[in-house]
Amino acid sequence: MLNSWFPNVSWEKMWEATIETLYMTSISVIATFFLGIILGLLLFLTSKGNIWENNIVNKVISAFVNIFRSIPFLILIVLLIPFTMFLLGTMIGKDAALPALIIGSAPFYARMVEIGLREIDKGVIEAAKSMGAKTSTIIFKVLLPESMPALISGITVTAIALVGYTAMAGVIGAGGLGNLAYLEGFQRSRNDVTLMATIIILIIVFIIQFIGDFITNKLDKR
Amino acid sequence: MISIKNVQKIFSSKHGQVKAVDEVNLEINEGEIFGVIGYSGAGKSTLIRMLNGLEIPSSGTVVVANNEVSHIKGKSLRKARQEISMIFQHFNLLWSRTVRQNIAFPLEIADVPKGERLKRVDELIKLVGLEGREDAYPSQLSGGQKQRVGIARALANNPKVLLCDEATSALDPETTNSILELLVDINERLGLTIVLITHEMHVIRKICHRVAVMENGKVVEMGPVMEVFKNPKAQITKRFVHQVTESEETKETIQQILESYPQGQIVQLSFVGDAVEQPLMTNLIRDFNITVNILHGNISHTQTGSYGTLFIHLDGDESEITRAIDFIHSKQVGVEVISNA
């Protein structure tokens with residue numbers, strides 16, 4: 001029955017594209033998570049009234065984050081072609097999309113991390129200081145655990161955005177479901193292929209949202 | 001134990017400079033419960049935060065348990081802070097950790113090995129009376145229980161000094177009393193020096209040995225709690241003392257008394273410590289030719305003794321009343337004539 005509704009879908013290709021999309025999404029989500037947390041922590045810690053208060057560093061990181069957050073993703077990929085070529089020697093295939101995916105989403109996530117950290121009660125940080133905690137202790141035992149629900153729900157939103165980005169990256173040759181939908185579906189006017197790719201992307205998004213919500217609820221003891 | 005010398009703290013804001021703490025000098029003894037009272041904005045919060053280096057004085061020195069907190073930095077400050085712990089008005093517990101894990105946090109900071117940590121946490125849970133709640137999260141606790149966790153956490157590393165920053169201001173009266181009793185118990189059992197700031201005279205009366213009254217960044221009055229109660233000098237101190245000795249109810253009662261006794265004199269007597277125990281009324285009635293009528297009285301307990309007020313009505317010959325009042329004076333009892341009828 002499935003074959004009669006989707007006569008032009010090659011399930012082998014579809015599966016391969018799904019794996020590519022999952023590969024691009026998961027690698028970029030993991031990298032974004034760590035990079036975003038580092039940037040978000042720096043933004044938070046160097047802001048006014050915090051441990052590493054430093055206006056200049058804060059402004060520089062903030063400007064960097066804002067610039068990369070504002071560039072439309074499709075343009076960012078094009079702008080990053082020389083960088084990708086230098087890094088990977090190619091601009092086609094699943095790995096080629098990674099630099100643009102990570103650079104495009106880490107600043108976005110960094111802002112969410114910063115917002116999550118700001119929500120921590122200042123008194124709790126002060127209490128840790130009054131106990132004689134080092135900055136690293138404050139970061140790893142207070143800031144990150146206390147903001148973890150916000151960090152997880154933030155990365156969930158970012159991961160869903162990243163699934164969309166991988167599809168866009170696919171259009172210019174990065175592989176995955178977006179690439180398949182564009183080349184096989186749109187350009188050859190096989191709407192069933194486009195539809196199937198869309199359905200699979202939707203399923204991926206739902207699963208990500210479900211996992212994200214589940215972990216957030218599990219962690220939130222407030 | 002704690003010595004604060006010529007300490008000033010100036011905050012600069014857009015609207016100019018604000019002197020939060022102005023030339024404060026204090027000596028706090030080992031094992032003492034020392035209270036600082038003042039209204040909000042008096043500088044008491046800034047003062048207590050200078051005792052563990054959360055604020056650095058603009059000038060002057062602060063020495064706590066042989067650490068010059070006002071000058072040390074980095075590792076030595078962190079080490080000193082393990083000996084000077086603090087509890088807070090809003091408890092400041094980590095919501096992501098259970099009671100047990102919250103209490104273990106300062107021990108983790110001090111690099112206490114895990115086995116020892118667990119043992120110490122169990123001791124502390126018993127000390128503050130939180131048995132059975134070890135695995136609860138702060139959101140599942142009442143305010144009083146949260147503050148008990150705060151106290152257990154503060155005691156974890158066997159500090160020499162405990163700083164209480166409005167520790168009972170967010171609690172209801174009943175819970176406040178139980179937390180204050182716990183603090184007294186800890187003070188007596190562990191010999192811990194406690195410095196607390198508050199805006200409630202009730203807290204000072206109940207547990208402090210000595211008190212400093214702050215207004216506009218200055219200490220305007222200081223002394224043993226009983227002395228201050230007996231003989232408040234500054235206007236603001238009188239207001240604080242009235243908080244506990246004269247309730248609204250008392251004021252109304254006096255008003256009524258004044259109206260219903262048009263003759264004679266109404267006198268307010270204040271008894272402190274031993275004076276409470278003399279047979280003053282008997283002597284008054286025996287030795288003077290006047291009628292004595294007891295109208296209203298109450299007794300407040302402080303950490304170092306009792307403080308009582310008594311309103312009496314004296315009727316009779318005017319010269320005899322004057323002699324009676326002089327007699328009361330000679331017995332070391334405070335006398336205040338409320339109004340001539």
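In the predicted model, strand S12 of chain B, spanning residues 290–302, pairs with strand S13 of chain B, spanning residues 305–316, and the pairing runs in the antiparallel sense over 12 bridges. The two strands, S12(B) and S13(B), form a hairpin in which 2 residues lie between them. Within this arrangement, His296(B) has Phe311(B) of S13(B) as its bridge partner.

Between the two chains, 18 residues of chain A are in contact with 19 residues of chain B. On the side of chain A that touches chain B, the elements giving two or more residues are helix H7, which covers residues 122–130, and helix H8, which covers residues 135–174, both of chain A. Of the elements on this side of chain A, H7(A) gives the most, with 6 residues. When the residues of chain A that touch chain B are grouped by class, 7 are nonpolar, 4 are polar and 7 are charged.

For chain A, an unreviewed UniProt entry places the feature "transmembrane region" at residues 21–47, 67–88, 150–173 and 193–215. In the model, residues 21–47 of chain A are 93% helix and 0% strand, with the C-alpha atoms at the ends of this stretch 37 Å apart. Over residues 67–88 of chain A, the chain is 86% helix and 0% strand, and the end C-alpha atoms are separated by 24 Å.

Note on methods: Residues are numbered from 1 along each chain as its sequence is written. Chains are lettered from A and ligands numbered from 1 in the order in which they are written. This is a predicted model: local features need pLDDT of at least 70, side-chain atom pairs count only at pLDDT 80 or more; totals for chains, interfaces and linings use all residues. Two residues are in contact if their C-beta atoms, placed from the backbone, lie within 7 Å. Helices (H or I, at least four residues) and strands (E, at least two) are DSSP runs, numbered from the N terminus. Ala, Val, Leu, Ile, Met, Phe, Trp, Tyr, Cys and Pro count as nonpolar, Asp, Glu, Lys and Arg as charged, and the others, Gly among them, as polar. UniProt positions are given in the numbering used here, feature names are shortened, and annotations may be inferred rather than shown by experiment. Two strands pair if DSSP finds at least two bridges between them.
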